Amino acid sequence: MPSGLGPVSLGHGEWTGKKGMGIWIVAALAACLVAGAAPAFAAEPVPVEAFASSNSIGMLRLSPDGRHLAVSVDFGDGNHALTVYRLEDMQQTSLLRLPRYELPVQTRWVSPQRLVIAKGRKMGSREQPVPTGEIIASDLDGGNQTYVYGYRQSTRTPGLERGFGRIEGLPDVANGRFYMRRLSRGTNRSQLYDVDATKTTARLVADIPVKDLSFVLDRDGVPRYAFGSDNDDNYLLYMAGPDGDWTPVDASQMGGKFVPFSLTGDGRQVYAWFSREGGPAALVKANPDGGGRQVLARDAVASVGDLE
């Protein structure tokens, strides 16, 4: 079974950058904590080289129990890996090397011991990586590596053909599972699956006869919204009814472009980006039908930035 991962170097193995990388991460985190408390000094000119340099680490992801940190590492010359550190002593527990020019574009902890990684391919030094649609999984020590889904292989669920996978979200409680959006050239449907990251089995939870839609789920893992664009770049929004049927929602019903991204814990309200006639997007909280909007953040000129 193809794993999609290269050799694994465990925490006690030899890796010349292990100690230095761990110290670098600790220093970076400490700098972030003290930056706000530092007194104001005259700003020094930023050297032009700073705008041309690239980060060697990124996409930091904390495990559900707060004991480990997953970090995407760029070793240069097209070589990338995912490294896991034990925060107690900043010891490296695994180094998951990917094939040259491939790198993680999504990393998520599905349990305190296991991660799923969506792979991408670097096409240039400055361009954003292009997702390959392949999803792999590994334990935090580098063991039990699995090719979960992609163009080379499907899950163990009968009837689910190979295709393009994307990590769409996680259950509210980490239970070893994740939600995967599946795309396929052979269909114009958008499908969402609940996937076991260890057994690589999948259960269909949403299916809409419209391609390339993203899903928004509530705390119980129930899909509530789907959104995207058609071939003419017109915004599309669908809302799920109590019986699971999907209803298209026109922008005129919402009073503008309403892009949901998360629901409150009780599912009674939704957070969304809202804009009118191509204007800047504001962060709002609203009722599930889009009514009763409350503006949380906005700017008269620019859209409010993405949230992490």
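Let's start with strand 7, residues 130-139: seven of its ten residues are buried, so this strand is largely enclosed by the rest of the structure. Buried here means under 20% relative accessible area, with exposed being over 50% and partly exposed in between, using a 1.4 Å probe and protein chains only. Strands are DSSP runs of E, at least two residues, and helices are runs of H or I, at least four, all numbered from the N terminus.

Quick housekeeping: this is a predicted model, so local features need pLDDT of at least 70 and side-chain atom pairs count only at pLDDT 80 or more, while totals for chains, interfaces and linings use all residues. Residues are numbered from 1 along each chain as its sequence is written, and side-chain values use heavy atoms, with hydrogens and water left out.

So what does strand 7 sit in? An open sheet of four strands, order 5-6-7-8, with antiparallel pairing. The edges are strand 5 (102-111) and strand 8 (146-149), each pairing on one side only. Two strands pair, by the way, if DSSP finds at least two bridges between them.

Now go across the sheet. Strand 5 and strand 6, residues 114-121, share eight antiparallel bridges, and there you'll find R108 opposite V116. Strands 6 and 7 pair over seven bridges, also antiparallel, with I117 facing I136 of strand 7. On strand 8, I136 has Y147 as its bridge partner, and strands 7 and 8 are joined by three antiparallel bridges. The hairpin of those two strands has six residues between them, and G142 takes a positive phi near 90° there.

How much space lies in the largest one?

Strand 17 (257-263) is among the elements giving two or more residues, and its five are the largest share of the lining.
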